[in-house]
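Colleague: Could you walk me through how to read a few features of this model? I would like the general idea each time, and then the case in hand.

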Amino acid sequence: MICLFLAGLYTNYTIMVSQKVPLPSAPAGVAGLILLWRRRDEITPRALVGLCAILTFFLLSILLAPDLSWLSRRTNGLIQLTYSLVIGYGLFLTVRRADRRQIAALFLSFSLVIVVGCLLEAYGGLRPISDSVRNVLYRKGVYENDLRDLLFYNRVRPKFFASEPASVTFCYTLFTFIWLVASPWRLKLPIYLALVGIGLFAMPGPTLLLMLGLLLPYLLFLDSRRRGHIDATRFLVVALVAALMALTAVFLAMTLFAERLQTITSGNDPSFFYRVQGPALAGMDIINRYPLAGAGLTGEPFIEREVTNLYLRSPFYSAGWQVVTPSTELLINYFWLHWIYLGFVVGVGMIAVISVWLRILGVPSVAFCWVTWAILGQASGAYVGPTCWAVLFLAGAAAILHQRTPSAAPVRLAAYPAGDGAEWPRSQSAGSLGV
């Protein structure tokens with residue numbers, strides 16, 4: 001079921017329930033609901049109350065958002081968000097219950113399948129088969145800008161049965177990072193860096209540089225922990241290492257993607273603008289205009305004119321680009337969509353409520369989850385979709401596994417009577433799990 005869930009995230013195969021209501025990442029939805037049903041006995045009353053509080057908070061957010069004539073669209077967004085949170089919670093309960101080696105092996109296998117598939121597509125004649133399958137799976141949104149790839153990367157980037165190269169690099173980044181966090185191997189960090197290099201060769205793209213950025217939350221908030229608390233001395237050491245990795249990412253961006261970087265700085269890269277620069281501009285503008293509750297969930301049409309005018313005035317926007325609508329390509333960044341949809345007040349409140357829930361679920365470092373979520377948000381959109389929340393849930397579950405001793409086998413979970421560790425297995429001591 002976890003494999004089916006990850007396949008759903010990778011393909012993002014969507015089924016239209018009705019003309020206006022999609023079922024994004026349908027395989028992940030099926031798997032997530034089955035996983036939640038199988039783990040229903042592990043849902044404690046406190047955890048259920050926390051989930052209901054989050055959904056209630058989102059409901060209040062669409063009622064507080066301006067112009068209630070858009071309430072129907074925002075309700076559709078709330079339905080999709082509820083679906084994404086529920087199936088993500090099912091994934092969390094299952095991953096958290098597993099052994100570290102099991103999860104590490106699973107995610108490493110997925111990463112290796114992706115990288116081998118990309119190499120076969122580029123050098124083994126797999127591309128015609130991949131393209132034919134993609135044309136059947138995806139009725140729209142299929143990436144066909146191969147000439148742009150030739151300009152930036154001197155070759156066509158592999159898609160390996162995904163709708164676009166960005167989906168391949170994003171999932172490779174996510175799966176490899178979860179392997180790093182969950183793996184008990186002592187030499188996993190140099191292996192991770194080797195996987196970064198292999199990925200840059202097999203599927204070139206700036207998204208893979210986020211793998212170096214993700215080392216920051218891992219080293220600072222997890223690797224520096226000892227007996228459930230952050231060791232100050234080790235924290236300083238890993239902070240220096242994390243800073244070095246960030247500088248390395250900048251260096252690689254300037255050398256490996258020099259042509260792409262030049263187009264970004266000159267305002268001639270629509271992909272980077274719509275994914276990073278534009279959403280940041282829109283997010284700050286909407287926070288100023290609607291600080292209480294933003295534009296509301298899936299409120300792109302409500303702010304379409306404002307965002308379009310904002311983009312046209314930006315020095316990074318090119319007059320040669322085709323103007324698109326916010327509901328398609330203007331906002332492809334779930335981190336900034338959080339602030340665009342919810343505003344500053346509700347947005348901060350939502351982070352606080354979800355953080356409390358993560359602590360109830362036993363996540364040892366909420367900061368690790370949010371920083372990981374924010375970094376990967378620069379390469380993915382669809383705030384109400386499964387991918388956005390799967391990142392947060394996978395980060396939380398992997399953090400729990402990281403604090404667990406490698407010898408700890410999967411156990412039957414039983415709830416403690418009270419406390420933040422209410423859902424930790426009784427066979428583990430609180431100290432060894434970082435509670």
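Modeller: Gladly. Let's begin with burial: a residue counts as buried when its relative accessible area is under 20%, and as exposed when it is over 50%, with partly exposed in between. Keep in mind that this is a predicted model.

Colleague: Is Val181 buried or exposed by that rule?

Modeller: Val181 has 0% relative accessibility, so it counts as buried. The residue belongs to helix 8. Leaving aside residues up to four places away in sequence, Val181 touches Arg100, Lys188, Tyr218, Leu222, Phe368, Ala398, Ala399 and His402.

Colleague: How far apart are Val181 and His402 in sequence and in space?

Modeller: In sequence they are 221 residues apart, while their C-alpha atoms are 6.0 Å apart in space.

Colleague: Helix 8 also packs on another helix. How should I read a helix pair?

Modeller: Two packed helices are described by the angle between their axes and by the distance between those axes. Here, helix 5 (residues 100–123) and helix 8 (residues 165–182) have axes that come within 8 Å and cross at roughly 150 degrees. Angles over 145 degrees count as roughly antiparallel, and helix 5 and helix 8 are therefore roughly antiparallel to each other. The crossing of helix 5 past helix 8 is left-handed.

Colleague: Which residues make the contact between helix 5 and helix 8?

Modeller: From helix 5, the contributors include Arg100, Ile103, Ala104, Phe107 and Cys118. From helix 8, they include Val168, Tyr172, Phe175, Trp179 and Val181. Sorted by class, this contact has 16 nonpolar, two polar and one charged residues.

Colleague: Now to the aromatic rings. What describes a pair of them?

Modeller: A pair of aromatic rings is described by the distance of the centres and the angle of the planes. Searching the whole structure gives 22 aromatic pairs. One of them joins Phe58 and Tyr383, with 6.5 Å from centre to centre and 65 degrees between the planes, an edge-to-face arrangement. This pair links distant parts of the chain, 325 residues apart: Phe58 sits in helix 3 (residues 45–64), and Tyr383 in the loop between helix 18 (366–376) and helix 19 (386–403). Both Phe58 and Tyr383 are buried.

Colleague: And a pair within a single helix?

Modeller: Look at Trp370 and Trp373, also edge-to-face, at 5.2 Å centre to centre and 90 degrees between the planes. An α-helix has 3.6 residues a turn, so residues three or four places apart point the same way. Trp370 and Trp373 are three residues apart in helix 18, which means about one helical turn separates them. Trp370 is buried because its relative accessibility is 12%, and Trp373 is buried at 2%.

Colleague: Which residues form the aromatic cluster with these two tryptophans?

Modeller: The cluster consists of Phe58, Tyr334, Phe335, Trp336, Tyr341, Trp370, Trp373, Tyr383 and Trp389.

Colleague: How many of the residues of helix 18 are buried?

Modeller: Nine of its 11 residues are, so helix 18 is largely enclosed by the rest of the structure. Among those buried are Val366, Phe368, Cys369 and Leu376. The elements covering the buried residues of helix 18 include helix 8, helix 10 (210–213), helix 11 (215–223), helix 17 (334–360) and helix 19.

Colleague: Last topic: backbone angles. Which residues should I look at?

Modeller: Asn12 has a positive phi of about 55 degrees, although it is not a glycine. Asn12 lies in the loop between helix 1 (2–11) and strand 1 (15–16), and is partly exposed at 38% relative accessible area. Ala382, again not a glycine, has a positive phi of about 60 degrees. Ala382 is in the loop between helix 18 and helix 19, and its relative accessible area of 48% makes it partly exposed.

How values were computed
Residues numbered from 1 in each chain as written. Predicted model: local features only at pLDDT ≥ 70, side-chain atom pairs only at ≥ 80, totals over all residues. Heavy atoms only, no water. Axes fitted to C-alpha atoms, helices over the stretch in contact; angles between N-to-C directions. Helix = DSSP H or I, 4+ residues; strand = E, 2+ residues; numbered from the N terminus. Parallel < 35°, antiparallel > 145°, perpendicular 65-115°, else oblique. Left-handed = near helix turned anticlockwise from the far one by under 90°. Contact = heavy atoms within 4.5 Å. Nonpolar A, V, L, I, M, F, W, Y, C, P; charged D, E, K, R; others polar. Phe/Tyr/Trp six-rings, centres within 6.5 Å; stacked < 30°, edge-to-face > 60°. Buried < 20%, exposed > 50% of the residue type's maximum accessible area, 1.4 Å probe, protein only.
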